Amino acid sequence: MSVEDSSQETLEMESFHTRLSAWTPFSNKSLNRQLFQERVALISHWFDLWTNKQRQEFLRTIFLRCAKSQLRFVQDWFSERKQVAKADFSTVLPRFISLYIFSFLNPKDLCAAAQVSWPWKFLTEQDCLWRPKCVKFGWFLPYTPTENEFGAWKHHYLSCVSHLDWLTPREAAGVYGTLNEPKEENEELQERRREKCLRKVIWEKIALRNKELFRARPPWVSGACCSRLLKSKRQPRLSQSAKGRVELHGALEKQLVLASLEALPQRSNVSGSHSYPLLSKKNCRGVYKKGDSSSALQPHLILISSRIPAYEMVVDSVKAGVVSVVYEHSGLTLESLLHLTAKALGGRMAQSLGIFSGGDSRGIDLLQGCSIGLSNVLRPEVRGFWETLGSSVAPADEGGHVDLFAPLAASEAGMEVLSQLSQLTGTLFTAPTGTAAGSYHHRQFVSDNMSVARILENQETAQALADGLTELSRENCDNPLEFLSSFLLKKCSEKSKEVEGNGLPAKCGSKAASIAKEGRVTEDSSQDTTLSLRSKGPNVEELVALERRLREDPAAGRARVVAELLASERRYVRALETVRAVYARPLAAALASNRAVLSAASADVVFADVLRILSLNRQFLAHLGERLRGWGPAHCVGDIVIKFGSRLDVYTNFFNNYPAILKTIERCREMIPAFRAFLKRRDRTVVTQMLSLQELLLCPSRRFGEYLHLLYALRLHTPAEHADRGDLTTAIEQIKNYKGYIEQMKQNFLRKDQLSDIQRSICGCPTLSEVNRYLIRIQDVAQLHCCDEEISLSLRLYEHIRDLSLFLFNDALLVSSRAMSHTPFTRTSKTTHQFIASVALHRLLIEDIPDSKYIKNAFILHGPKHEWICATETEDDKFLWLSVLQSAIKSSTET
C-alpha cells in the first residue's frame with residue numbers, strides 16, 4: 001500500500017470520529033447535521049404519539065434541563081408571537097381617554113363596571129361622567145362639593161332614582177331655579193324671533209370680519225417673534241397690493257382687539273356701582289368701636305404699598321377704627337387700586353385718606369411704572385383716578401383730607417403737585433416738609449404731619465425715637481455709644497418717675513439700663529477703631545460745630561438745609577472711610593506681610609473704585625466745609641455741587657463694575673476660608689453700624705437720591721433773585737440726569753435677572769431677553785373645556801383640564817402649564833412649568849364669560865390659532881387680572 005492510500009484512509013477514519021456517542025460524528029458537519037435532523041424528526045414523531053399528560057411531563061423535563069439563556073429565548077419567542085398576559089386599558093391609556101370610553105356607558109353599565117377592579121371603580125365614579133346624566137333629568141346638587149369629595153354626583157343620581165325624583169323642566173325650575181319665570185306663548189315666540197334675528201346679524205358680521213381678517217393674516221408662529229412677522233427680513237420689498245393688505249390686516253386686527261376690550265363688563269368704581277358683587281375683605285383690616293357711630297360711618301382709610309420696607313409693622317400699628325388696605329406695588333393698575341378702595345369703604349365716605357408709598361420730593365411712586373409727578377398729574381387717566389379717589393373723602397369743610405406720606409412739600413415741584421391735586425379734587429392734600437436725606441429720617445416728618453397721630457399708635461415713643469435719632473445723627477462722631485446709653489437711661493428714668501407718680505412699681509428701666517451698660521462695655525472693645533476713623537476725617541470737630549451753628553441760624557430755611565447737606569455728606573464720607581479702615585487696609589497690610597487673605601487682583605476689583613469715590617467725596621466735603629465756615633444769606637453752594645458733578649466718571653466705573661464686585665466677594669467668601677473668617681469678624685459690628693461689606697457698598701447708589709432731595713429743598717428756600725438760584729438749577733439737572741442713569745442701569749439689571757429666572761423655570765421656553773421687555777404680573781388659572789357649545793351660556797358645562805400659569809409681559813402673554821409635586825414625609829412642594837404658547841398682546845382677544853351655576857370667574861383668551869378658557873380661584877383675582885391685562889393691551893396697541 002502506498003503512502004497516499006494510507007493517508008486518505010486515515011482522514012476517513014478521523015471524519016467518523018465520534019464524541020459522547022458512537023453514532024454522532026465529531027468533525028463532519030454535514031453528517032452531524034443529517035443525524036441531528038433525523039433524531040429531531042424521531043422525537044417529533046414520538047411527541048405526536050404521546051398523550052397530553054405525557055407531553056406536559058416531557059416539556060417539564062426539558063425546561064428543567066434548560067439554562068437561563070434558553071428559557072429567556074422561549075420567553076421572547078412567546079412574547080413576539082402570542083400575548084402572554086392581558087393588559088387593562090384603564091392603566092395603560094391616559095385618564096381622559098379612559099373617561100371618554102366610559103362616557104358611552106349607561107348608569108347601569110357604569111355601576112357594573114365599578115365592580116371589576118379598583119381602577120375601574122375610581123374612573124366610573126368620577127363627577128364628569130355622572131353630572132351630565134343628572135342634569136339631563138333636572139337633578140342638581142343642592143350644595144357645592146368640596147375639593148376632596150369623591151362620587152357626589154353618582155350618589156345624588158342613585159338617591160334620585162331610588163326616590164323616583166323625576167321632574168319636568170318647569171318643576172325643576174320651581175325647585176332649583178334653573179329657568180326664568182314662565183311667559184306667555186306670544187312673549188316667548190317674540191323673544192325667540194328677536195334672539196334669532198340678533199344672532200343672525202352677529203354671525204354675518206363676524207363671518208365678514210373673519211373673512212377680511214384671514215385674507216391678509218400672516219401664518220401663525222408660536223413664540224415671541226410673532227410680533228415681528230410684518231417686518232420680516234425675507235420680504236424686503238412688498239408690492240403695493242401686499243402693503244395694502246398688511247395695513248388692512250393691522251387696522252382690522254387692532255380694531256378687533258379694541259372691540260374685545262370694550263365688550264368686557266364695566267369695572268367697579270368708588271361710588272359703589274359695579275358689575276361684580278362685593279368681595280371678601282381679606283386685604284382690609286379695621287376694628288370699629290360699638291359706641292363710636294362717627295367712625296363707623298366715616299372711617300379713616302390708609303393705603304399701604306407692599307414696597308414700603310417693613311410694611312407689616314405699619315399695618316400692625318394701625319389704630320382701632322382705621323381701615324388699612326395693603327396693595328401690591330407691581331401688577332396693579334389705577335383702576336384696580338380704586339376697586340380695592342371702594343371695596344374697603346363699602347359705599348361709605350372716608351373721613352381721611354392716607355397713602356403710604358415710595359416717593360421723593362418730586363412725586364409719589366404709587367404703582368409700578370406709575371410715578372405721580374408734575375409731568376403726568378394732568379393726564380386723563382391719572383386725573384380721573386385722583387378725582388374719583390377725592391370723591392370718596394369727606395369735604396374739606398367737614399375735616400376731610402388726603403395725606404401723602406412722601407416729602408412732597410420739601411420741593412417746588414412737590415408743592416405744585418399738591419396744589420394741582422387740591423384744585424382738581426376739591427380736597428385738601430397734605431405732605432410732610434422734612435428736609436432730611438432719605439425721606440423718613442427726620443423728626444420733622446412726625447411733627448409736621450399730624451395725621452400720623454390719628455392713624456398710628458404709640459406716638460410718644462415714635463416722637464422720642466425721632467428726637468433721639470436726630471440727636472444721635474448730630475453727635476455720632478464724638479461718642480455714639482455713650483450718647484445712646486445716656487439717652488436710654490434718661491428716657492427710662494423719666495418713665496420710672498411717671499410710673500411711680502401713678503402709684504405703680506418702677507420696673508420698666510431695668511432692661512434699658514442693662515442695654516446701656518452693655519453699650520459701654522462694647523464701646524471699650526471698639527474704641528481704638530472708632531478713634532482711627534475719627535482721626536482720618538477732614539476736621540470732624542470743626543464740621544460738627546459748624547453744623548450746630550447753621551442749625552441755630554435765625555434764617556431758618558436755607559441754613560437748615562445747608563446744615564443737613566453738610567451732616568449727611570459727613571456721614572456718607574464716614575461710611576466710605578469705614579470700608580477703607582475696616583476692610584481695605586487690613587487686607588492690604590496682610591498682603592504686604594506675605595500673609596495674604598485676599599489676592600491683589602481681587603482686592604483691587606473690590607476696593608479700587610470705592611477708594612477713588614472716597615477721595616472725591618473727601619474733597620467735596622472739604623470744599624463744602626470751607627464755603628460754609630463764613631456762611632451768610634448771600635453765600636452760594638451751587639457752584640461746588642456743579643464742580644463735583646463734573647467728576648462723576650469715578651462713580652460710573654463703580655456702577656459698571658458693581659455686579660463684578662459682588663460676585664468677587666461671594667466667590668472669595670466661598671473659596672477662601674481665611675477671607676470668610678475675616679468677614680465674620682468685621683461684618684455687623686458697632687464700627688460698621690451693624691452693616692456688612694455688601695450693605696456698605698450700597699451707600700453710593702443711595703447717595704444721589706439724597707443729593708437730589710436736598711438740592712430741591714435748598715432751591716425751595718432760595719429766593720428767585722438769589723445768585724445761587726441758577727447754579728442750583730444746573731446742579732439739580734446734572735444730579736437728576738445721573739440719578740436717572742443709575743436707576744435705568746438698576747432697572748435693566750433687575751429685569752434681565754427676572755427674565756432669566758423665568759426662562760429657567762419654564763421648560764421649553766423660548767428666549768425671553770429682549771430690549772424693553774419686563775414682567776407685569778403672573779396669574780395662576782385653571783384651563784377649562786366646554787362640553788357642549790351649542791346650548792345656552794347659562795347651562796353650559798365645563799370640565800377642568802389642567803392648571804395654567806399666565807406670564808404677562810408688556811408686549812406678550814406667555815402661557816404655560818403648571819404641575820406641582822410633593823416630597824414624601826415633608827410639606828415642601830415643587831412647581832414646574834411647561835411652555836405652551838406665547839401671544840403678542842396686540843393680537844390677543846379677551847371675552848368675558850358671565851357667572852352661572854356651573855362656572856365662576858371665567859374668561860376666554862383668543863389667540864390667532866388657539867384659545868384658552870380660563871378661570872381664576874376668586875372673583876377678586878379675575879377682576880385684577882382682567883384690569884391689568886386690559887391696560888397692558890391698550891398700551892401695546894398704542895405703541
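Buried means under 20% relative accessible area and exposed over 50%, with partly exposed in between. Keep that in mind for the close-ups below, which come from a predicted model.

**View 1. Lys121 and Glu125 pair up.** These two side chains meet in a salt bridge, with N and O 2.8 Å apart. Lys121 has a relative accessibility of 30%, so it counts as partly exposed.

**View 2. Glu569 meets Arg703.** Here the closest N and O atoms of the salt bridge are 2.8 Å apart. Glu569 sits in helix α26 (residues 556–592) and Arg703 in helix α32 (residues 699–716), so this pair ties together parts that are 134 residues apart in sequence. Are the two partners buried or exposed? Both Glu569 and Arg703 are buried.

**View 3. Arg818 reaches Asp780.** This salt bridge has its closest N and O atoms 3.6 Å apart. It links distant parts of the chain, with Arg818 in strand β13 (residues 812–822) and Asp780 in strand β11 (residues 775–786), 38 residues apart. Arg818 has 21% relative accessibility, so it counts as partly exposed. Asp780 is partly exposed too, because its relative accessible area is 40%.

**View 4. The whole set.** How many salt bridges does the structure hold? There are 19 of them. As for why such pairs turn up, side chains of opposite charge can pair when their charged atoms come close.

Conventions:
Residues numbered from 1 in each chain as written. Predicted model: local features only at pLDDT ≥ 70, side-chain atom pairs only at ≥ 80, totals over all residues. Heavy atoms only, no water. Salt bridge = Lys/Arg side-chain N within 4 Å of Asp/Glu carboxyl O. Buried < 20%, exposed > 50% of the residue type's maximum accessible area, 1.4 Å probe, protein only. Helix = DSSP H or I, 4+ residues; strand = E, 2+ residues; numbered from the N terminus.
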